[in-house]
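Let's walk through this model together, one feature at a time. Have a look at it first, then read on.

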Amino acid sequence: MEFELNNQIVFAATGREDLVPGLPTVIFIHGAGLDHTVWTLFNRYYARNGYNSIAVDLPGRGRSGGVPLSSIEENARWLLDFIRALKLEQAALVGHSMGSLVALEAAYQAQAAVERLVLLGAAVPMPVADPLLHAARTNDHGAVDMIMLYSHAYASQLGGNPVAGINILNSNMRLLERGLENVLYADLKACHEYDNGLVAARGVDNPVTLILGEEDRMTPPPQATDLINALDNAKVEILPECGHMMLSEQPEAVHRALARSFHE
Amino acid sequence: MKYPGFDTISLHGGQRPDPVTGARAAPIYQTTSFVFRETDQASSMFDMARSGHVYSRISNPTVGVLEERIAGLEGGTGAVAAASGMAAIHLAVCTLMDGGSHIVSSHALYGGTHNLFSYTLPRFGIETTFVDPRDPDAFKRAIRPETRLVYAETIGNPRCEVLDIETVAGIAHDAQVPLMLDSTLTTPYLLKPFEHGADIVIHSLTKFIGGHGVAIGGIVVDSGRFDWDNSGKFKTLTEPYPGILDIDFAEDFGPDAFLHRARREGLRDFGAALSPANAFYILQGVETLALRMDKHVANTRKIVECLDNNEAVEYVTYPELPAHGDHELAKKLLPRGCGSVFSFELAGGRAAGRKFIESLKVFSHLANVGDAKSLVIHPASTTHSRMDDDALKQAGISEGLVRLSVGLEDPDDLVDDLKRALYRSQI
Ligand SMILES: Cc1ncc(COP(=O)(O)O)c(C=O)c1O
């Protein structure tokens, strides 16, 4: 799906199904420097199982035009514009990493537009280490390397991927390399500087599920403690032997955790 | 902190201890099919909406270990294994090409690939122009609007032409087409083509990677760097495909577009899948790839020296020799060695060739390369016999040419064997 929003082309994958008025909608929001392709399995699943399913490319990412927005708040406003442009009354927001912050902030800004939140690889705050920010600012490949090494559990770095034949370390590396020029820094900086997370968490009363990777070193589960406390009754799923790149590291475990969160 | 290294990937890549039994070695999942846990999972696997294995023609866990491991060693985003090296080449080419497409290929090719390109693919409307791998400009001149692929081998067989990968990759990319390389003779231990700009790598796993001469297999590895959308020349990857759920592979799978198409269409429809048992045998070879390649090269260096100093030998074509046309390029691309398959010209032509081969005791006379055991063959009468005189000449194969594939035996025994046979060949 491609259309114009705020004078820029927006791309969103819809799992190859048309949107049908009246069906519940789920919107998947990718993480820093990534794009809609991280959601392909999940997007295809929900599109065939009773949902309008949408994996969006945030501005300046993937197939969407424009430049990356400079803060989580702006990305959230943009997402709400996107929901309005599609004339959707409400959508469940499923965000990974930076996308989880965008989802949380969007729910805070317009609670009625959000049906529920599923936050994967989430932490509040989400500080980014100086060396990583610095490398990203200079479009240095070291930024990609740091993210790859911190984001994959060691077992995932070696492999054993349930999607046959795909080496997720190299595959995710290529995806992030596509976003290295100019996008990654903007995204990481937005995560680093976002300071409204706990306020937002206290302000939302949508159902919320957190899906965290036990071996995530980008956003380690203990770093989500404040977020969990700020949310009322968040459901927390911790995936064993899984890092931050849970969508490709353990797609089946994520699928089942997502399914449980939707059947609440 | 750093990425797992080559030897660690050789031993562990693509595998975790078996979650059910704890087996440390990769088990042979000798099964055609896999039980669905529930009907919802079954239908979504068919929709490409869930991960997992369905049927071993499309994917299998043992084969998957091998695929991920080789992809890890090459630095690729993934791989698709096939029943043989030739099946891998066919699979890769047919994933990208339609009738009317054109290939620009080095003429220094394995005989089977040469047949495929010159006789078989033209029957399906795919034409190839062959060029001299030592003349990068020739690749450029041969490119046409309908060219979809530039193809070559990292090191030619039997003449050891070394490809200037960076230059030829640049030429391919200027034409918005990928460079596909057969890296069988170099293996990822000696050369990683993706680091020099190649886009897709093929291996016959039958050779050094398997290493023990017990299983036929092949593999296609993708770097994930070629931008199919930007090129606009590959509608198999950038347009919805009615044959598979209207998937637009580049849109849905980004850097993995080619691999998913090759598996979902190529393995499904052509069916040349690697068996789990063969994948297991080949995995045993991968574990010792680095150790074996070092020894292959060390033995080869001793033998090259012996042959180069023997009066019955007119010349030796090994790129580490200063007289070889690609000596400088080889120093740059292949610092660990130029592999162990090379050729030499025996004085006395065809008759001497026959006597020489029949006198060898340690070297086995057979049509293969890259075994742990040393091998010898006379290309003009065997592997390249289907080439006419012109094609033979183009490939640089003369009547007295003997090809060796140096194995892992004691180098002194190999040198003695060769010296004895060289002497006999001249009396
Ligand atoms: C360089 C090269 N490529 C491809 C092949 C074909 O491989 P297979 O015999 O596994 O089909 C061979 C086999 O000799 C080869 O030497």
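Chain A contains 12 helices and 8 strands; helices here are DSSP runs of H or I with at least four residues, strands are runs of E with at least two, and both are numbered from the N terminus. This is a predicted model, in which local features need pLDDT of at least 70, side-chain atom pairs count only at pLDDT 80 or more, and totals for chains, interfaces and linings use all residues. Residues are numbered from 1 along each chain as written, while chains are lettered from A and ligands numbered from 1 in the order in which they are written.

Here are some values for chain A.

| Property of chain A | Value |
|---|---|
| Span of the C-alpha trace along its principal axes | about 45 × 40 × 40 Å |
| Residues that count as buried | 58% of 264 residues |

A residue is buried if 20 or more other C-beta atoms, placed from the backbone, lie within 10 Å of its own.

Now to the inside. The largest nonpolar core has 214 residues, and L93(A) and V220(B) have the most contacts inside it. Such a core is a set of buried Ala, Val, Leu, Ile, Met, Phe, Trp, Tyr and Cys residues joined through C-beta atoms within 7 Å. Domain 1 (6–285) and domain 2 (290–425) of chain B both give residues to this core, so it lies between them; the domain bounds come from an automatic or database domain assignment.

Which residues does L93(A) touch, leaving aside its neighbours within four places in sequence? Among them are I27(A), I29(A) and V114(A), where contact means C-beta atoms, placed from the backbone, within 7 Å.

Conventions
A residue is buried if 20 or more other C-beta atoms lie within 10 Å of its own, exposed if 12 or fewer, and partly exposed in between; C-beta atoms are placed from the backbone. Two residues are in contact if their C-beta atoms, placed from the backbone, lie within 7 Å.
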